[in-house]
Structure formats: structure tokens, C-alpha cells
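Let's take a walk through this model, from the overall make-up down to single residues. Keep the viewer open and follow along.

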Amino acid sequence: MTPTSTKSKTRALVAAMATTALLAGCNAGAGTSPSPSPSPAPSDGAAAPGDAGATSDGSSSTSDVASGSDETVRVGLVAEPASLDFTTTDGAAIPQLLLDNVYETLVTVDVTSGELVSALAQEWEVSDDNLTYTFTLKDGVKFSDGADFTAEDAKFSLERVKSDAWTTSLKTQMDVVDSVEAKDDTTLVVTLTQPSNRFLYSLSTRIGAMFDTEGVDDLAGSPIGTGPYTFGSWDRGSKITLERYADYHGDAPYFANVEMLYFKDANALNNAMLTDAIDVVSTVQAPESLAEFEGGDYQIIEGTTNGEIVLSMNQMEGKPLADKKLRQAVRSAIDHQMLMDTCWAGRGTLIGTMDPPTDPWYEDRTGDYPYDLEKAKTLIKEAGAEGQELRLRIPTLPYAVACGTVVESMLEDAGLAVTVDELEFPAAWLETVFTNKDFDMSIVAHVEPRDMANVFGSPDYYTTYGTDAIQALFEAADTGTEEEQVTKMKEAGALISEDAAADFLFLLPNLMVADPDITGLPTNAIKESFDLSDLGRG
């Protein structure tokens, strides 16, 4: 598409919306994919030398996908969804399974380049005042129930996020939308109440999922989308099966079926790979066990993620950690390098902030609270909290269990009395910690991309921070220029760190093990979904 003055203005705006390494497709308002440019990544973000299927840009080859087969690929995971409805149920496991596979969005993130590119919208334009987005939708797209995908469905989907039908906290990202209009079957116009740097990027996440107007009666059990796969079956506690969608509008995925097999134990997950019960370990849950696969007939993928492991601290009035000095003591009492070495075999990245290094506003804030046991003891004494009892309530996920015992030991060395409670994940943890806020501390990886404002922008969120000062910074970042966005987000990251709103243990690595001939595995996990249509066998 030929750039115009409006689209030239869009170039800067879209770059700001993608915020980070996520620049807009075509950089001129259109969703067509440009020549890829590398996204900033940490030094360990490339494919491990000698990994089978790796290409020069660090992604796995997908050249064999288009040919298709009647094969089934078996993927091992740990966190099974509590439901298939991410409009009413929190948790990253649902979009990991369904987004880009069953449901599609108007725009999506290219995992190789890190750019925003077209999905169901083949192009888009933004008005000079940055308030109006005009999307040209792909024609000939059908939902898995046979209905045509039109602008009316897109309008329905976006407006539904703002309705009572959506109950998860992420829905607030759509508050900036003033109106949605279906001009015709392939033209959608979205008008905002104010400029928003986050808006377009947010459409690549679960809140941008496109639903059939007649297909939302049973989202928890029978999802209907336009993606390359359809929902097949769910053997609860064991397996979810997806089936290739015969009428998919794009290139057919290589694998006819995908079995997502869920394991509660890291050793069971590894054993399944070692005994050929699965083809892919989606996320290695015992990094020290990688030695079992090294030198064998396996490929090992190691990259980075958006998964900040957060030690949250409940700051509600009347709670012990409402005292900033006590929160600062907690941060000072943790030797983060030793913790990462102990509970995750030293694999990961120390960040000290709610940002991965792939964000343009990332700043290494590990120096804000270096390990200092004597300082921690002094702060605890100043807070009058010697021997203070704290409940560390963690989900039954391998990283949380492994790191929880280390945090417990370090805080007790500083003079606190810590009780660790393991809560079944997702149901018990979501109810007790996330919803009821019945905890003092918790540990969970926040894997949603660009989520600093979501996690720390509201006192009603389980992290209980959301001060007036931080909300003002997030507002200024969202409505300002690209440069102002970066500046204000850096200020927000600094304030969150300095206030000890939480502690940031480390950034999870992307560790995958697979059969040597599996292709299309992502080096970096930088989006909510695991795009199964990329997988092939070569």
C-alpha cells in the first residue's frame, strides 16, 4: 500500500503502540508485513548452537508446514486451563492454547521480528489526530461453525469486551474505545476517547480475539474461531486435542491434530519426552534436568520470554507489608543470583523490574536493592517487625515451589517468620490470592506481554499498588508521543522498584526440548499464544 501523509503519521504512532520491539506492520498504517528487522533481545536470546531446525535469524524453519500431513504432534505442558473461556477466567494457559490457534485477532505479533503484523485485518490506517482506526478486514474468512467473518463480528467482539460479558481485569484496556462501527462487511472503524499508545498492541492479545456473534453461548467448552485449528476434545486433567480446520483461510498447518498433554510434575514431563510419549516439552520445568537431553537425539531451544517472576506483596491497609520499610527489607534480604542459581539452575535473567529487556523502556534495576542482609535486618527493626509472621502463598507450579523455599529461607535469615502455603493452580490460587487477596506474599510469573500497567496500575488488582502517582505516569505514557511514552514508562518502572511495590526474582527463560525434526519452535516466547500452526516436521 502506498504511503500517504496520514499513513506517514501512523508510522510513528504504530511504533509507539507496539512499544518496544513491536513496531507496526508496514510502518505506514497497513498490516502487511515489511522486511523483518531484529527485535532487541538479551544475549541469550539466540538459538543454542547446533539446535536442529534453527535458521540464521534464530527461529526454527517452517518450510515444511505448508505441505501438511495426517500426523498428530504431542506437546507437553504443566498449567492446564481451568476453563476455555478467557473472557471470564484469568490465567495464561487459556490464551496459550487458544489464541492464534482457535481464535485470531485483527493484528498479531511476529515472533521472529517482534513486529505487529496483519492477521484478520489485512491493513489499517490511523487518523491525523490518532483517534480513529480504520481496519480493512480479510474477505472470505469463515468461523469454524461455517459463518462468515465480517466487520459486524469484529464490532461485536470489541464491544463485548466493554460489556458485562467480560469479567477479567484485562478488559480495562478497552476503556479507551469510544465507538466501533462496521462500515461494510470488510471495513471496521474504531474511535478512541483519547490517543492511546497501547491500543493497537492490545488488539494482538486475548482482548482482541474475534468471536462469532452467534458463537459465544459455550465459550468454556466449545470455542468457535477463525483459526487454523478447531477445538476437538478435553480429557480433563490429562489432554486437550485440537484439529486442523479444513476451511481455514490461510496456509493449512502441517499437523492434522495437536494433543496438548498436561503434567503436574516436572519429572513426569521429562520422562514423557525421554520415553517418546510426547514430541515437544513446551516449557522445561526443571532446568537442572536439561543434562538428560544434552548429547541425545533432541533439540534444545533456549531464548527469552515476557515472564517476570514476581514476588508480590499485599499492601492493603492493615497488612504487614503495607509498611514500605518492611517491603524494602524483603527486597534487600533476597540474594537474587543465588536464588536463581538454586531454584532455576542459573537460567534466566536478573531484571529488578516489571520489564523484559525486549521492551524499549527496559532499565536494569537490579541495583536498586542489592542483596544486603544487614540492611534488611535494620529495616525490619525500624519497622518494628522483628519476628513478623508472613504467609507466602504460592501456586503449585514448579518455579514457584522451587523458589518459594529459597525465599522463605532468606527472609527467615533476616528475622522474619515465613509460612509457605502451596495452593493448587489455577483454581485455588486464583480464588485465594488473585481474587480474595488472602495472602501476604505470593510468587507467580506474569507472562502477559507489556503488562506493567495491568499489574501495577490499579489498587484493586491483587498486587494492591496502583497509587495516584503511578496511574498518572501510565496515563502520560499512553497518551503522549513515542518519546514521552518511553520516558514515562521508565519513570514508572523506577517508581515501582523504589517503592518496593513487589520484588522481581528473575525473568523466566524460554526453554524447550523437542524431537530433532520438529520445526517452527519459537526461540523467544514474546506473546500470549503458542502458535501451533508454525510447527512442522522436517
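**A walk through the fold**

The protein chain has 13 helices and 18 strands; helices (H or I, at least four residues) and strands (E, at least two) are DSSP runs, numbered from the N terminus. This is a predicted model, in which local features need pLDDT of at least 70 and side-chain atom pairs count only at pLDDT 80 or more, while totals for chains, interfaces and linings use all residues. Residues are numbered from 1 along each chain as its sequence is written, and side-chain values use heavy atoms, with hydrogens and water left out.

First, the overall numbers. Of the 538 residues of the protein chain, 59% count as buried, where buried means under 20% relative accessible area, exposed means over 50% and partly exposed is in between (1.4 Å probe, protein chains only). Take the contacts (heavy atoms within 4.5 Å) between residues at least 6 apart in sequence: 71% of them join residues at least 24 apart.

Now find the open sheet of four strands, with the order 4-5-7-6 and antiparallel pairing. Two strands pair if DSSP finds at least two bridges between them. Strand 4 (121–126) and strand 6 are the edge strands, each pairing on one side only. From one strand to the next, the twist averages 20 degrees; axes here are lines fitted to C-alpha atoms, for helices over the stretch in contact, and angles run from 0 to 180 degrees between N-to-C directions.

Strand 6 (residues 177–184) and strand 7 (residues 187–192) run antiparallel and are joined by six bridges. The two form a hairpin with two residues between them, and D184 stands opposite T187 in strand 7. Strand 5 (residues 132–137) is also antiparallel to strand 7, with five bridges joining them; T132 stands opposite T191 there.

Lying across strand 5, strand 6 and strand 7 is helix 3 (residues 151–161), which runs at about 170 degrees to strand 6. Its buried residues are A151, D153, A154, S157, L158, R160 and V161, and they pack against strand 5, strand 6 and strand 7.

Next, the cysteines. A disulfide is a covalent bond between the sulfur atoms of two cysteines; the cut-off used here is a pair of cysteine sulfur atoms within 2.5 Å. A search of the whole structure turns up one: C343 and C403, with sulfur atoms 2.3 Å apart. C343 sits in helix 7 (residues 336–344) and C403 in helix 9 (residues 398–413), so the pair ties together parts that are 60 residues apart in sequence. The link of C343 and C403 is right-handed, with 65 degrees about the S-S bond, and both cysteines are buried.

Further along comes helix 12 (residues 468–479), which has twelve residues and spans 17 Å from its first C-alpha to its last, close to the 16 Å expected at 1.5 Å a residue. That expected span is 1.5 Å times one less than the number of residues. I470, L473, F474, A477 and D478 are buried in helix 12. Seen down the axis of helix 12, the buried residues fall within an arc of 130 degrees, so they line one face of the helix; the arc is that of the directions from the helix axis to the C-beta atoms. Helix 11 (452–456) and helix 13 (482–498) are among what covers them.

Which residues does V310 touch, leaving aside those up to four places away in sequence? They are M354, S442, I443, V444, H446, A502, D503 and F504. V310 is in strand 12 (residues 299–313) and counts as buried, at 0% relative accessibility.

Finally, some backbone details worth a click. The peptide bond from F425 to P426 is cis, with omega near 10 degrees, and P426 is in the loop between strand 14 (417–423) and helix 10 (427–435). R450 has a positive phi of about 50 degrees although it is not a glycine; R450 is in the loop between strand 15 (441–446) and helix 11. T464, in the loop between helix 11 and helix 12, has a positive phi too, near 65 degrees, and is buried with a relative accessible area of 8%.
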